[in-house]
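Here are my notes on the model you sent over. Have it open while you read, and start with the aromatic rings.

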Amino acid sequence: MRPVRYAINVTIDGCCHHEAGVAPDAESMRFWVTEVGRADALLFGRVTYEMMQSAWRRPGTGVWPDWMKEWEIPFAETIDTAKKYVVSSALDGVDWNAELLRGDLADAVRRLKEGSGEGLFVGGVTLPLALADLGLIDEYVFIVQPVLAGHGPTLLAGLRERIALELVDRHEFRSGAMAVRYRPVLVAG
């Protein structure tokens, strides 16, 4: 079974808006290239899919835009070429190496997990909350940013039940950010 890994940047006070933390740098982008590269496919909700597509899809010209720094290109290429699954009832279709997931979310994700491979990477805010509530996330990866945002969407806001986690890895960045990797603790029942 392939694991579902939820990964996101989050501020110390739990804000997970993509502009609330420290601006990406070469070191953090290398981390994300590795993290995304560990997955066989990406799993996004509509909002995250559209946001990622607008930022990281290779333009029709084949040339990355001038605003993109050299150290961002490996991340852009990794995201651009990755297989994607999009959970959305609002979209009629997707492209960009993507496939729509329809029907029951739990069944669809369980079928994806049953495939062979290294894992599935999930990002965003709304979809991961639903997957966490369903007990379908096998690993949580957070880059905790040394920032207090004070507002914005917060990590897994509205989670129905507490999920105990065990720390399995951590890495400190020169920026002061910290990558932490957790797995749910299985409670004997």
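1. Ring pairs join Phe 31, Trp 32, Phe 121 and Phe 173 into a cluster. A pair here means Phe, Tyr or Trp rings (the six-membered one for Trp) with centres within 6.5 Å; planes under 30 degrees apart are stacked, over 60 edge-to-face, and the rest tilted. By that rule there are 9 aromatic pairs.

2. A word on what you're looking at: this is a predicted model, where local features need pLDDT of at least 70 and side-chain atom pairs count only at pLDDT 80 or more, while totals for chains, interfaces and linings use all residues. Numbering starts from 1 along each chain as its sequence is written, and side-chain values use heavy atoms, with hydrogens and water left out.

3. Phe 31 and Trp 32 have ring centres 5.4 Å apart and planes at 80°, so they meet edge-to-face. Phe 31 is buried at 15% relative accessible area, and Trp 32 is buried too, at 8%. (Buried is under 20% relative accessible area, exposed over 50%, partly exposed in between, using a 1.4 Å probe and protein chains only.)

4. How far apart in sequence are the parts that Trp 32 and Phe 121 tie together? They are 89 residues apart, because Trp 32 lies in helix α1 and Phe 121 in strand β5. Their ring centres are 6.4 Å apart with planes at 90°, so this pair is edge-to-face. Both residues are buried.

5. Now the sheet. It is open, with 8 strands in the order β4-β3-β2-β5-β1-β6-β8-β7 and mixed pairing. β4 (98-101) and β7 (165-172) are at the edges with a single partner strand each, so one side of each has no neighbour in the sheet. The twist averages 25° from one strand to the next. For the terms: helices (H or I, at least four residues) and strands (E, at least two) are DSSP runs numbered from the N terminus, and two strands pair if DSSP finds at least two bridges between them.

6. β6 (139-145) and β8 (178-184) run antiparallel over 5 bridges, and Tyr 140 sits opposite Tyr 182 in β8. Helix α1 (26-37) packs on the sheet, touching β1, β2, β5, β6, β7 and β8, and its direction makes about 160° with that of β1. Contact means heavy atoms within 4.5 Å; axes are lines fitted to C-alpha atoms, for helices over the stretch in contact, with angles from 0 to 180 degrees between N-to-C directions.

7. Last, two lysines. Lys 83 lies over the face of Tyr 85, 4.9 Å from the ring centre, and Lys 84 over that of Trp 96, at 3.9 Å. The rule is NZ of Lys or CZ of Arg within 6 Å of the ring centre and within 35 degrees of the ring normal.
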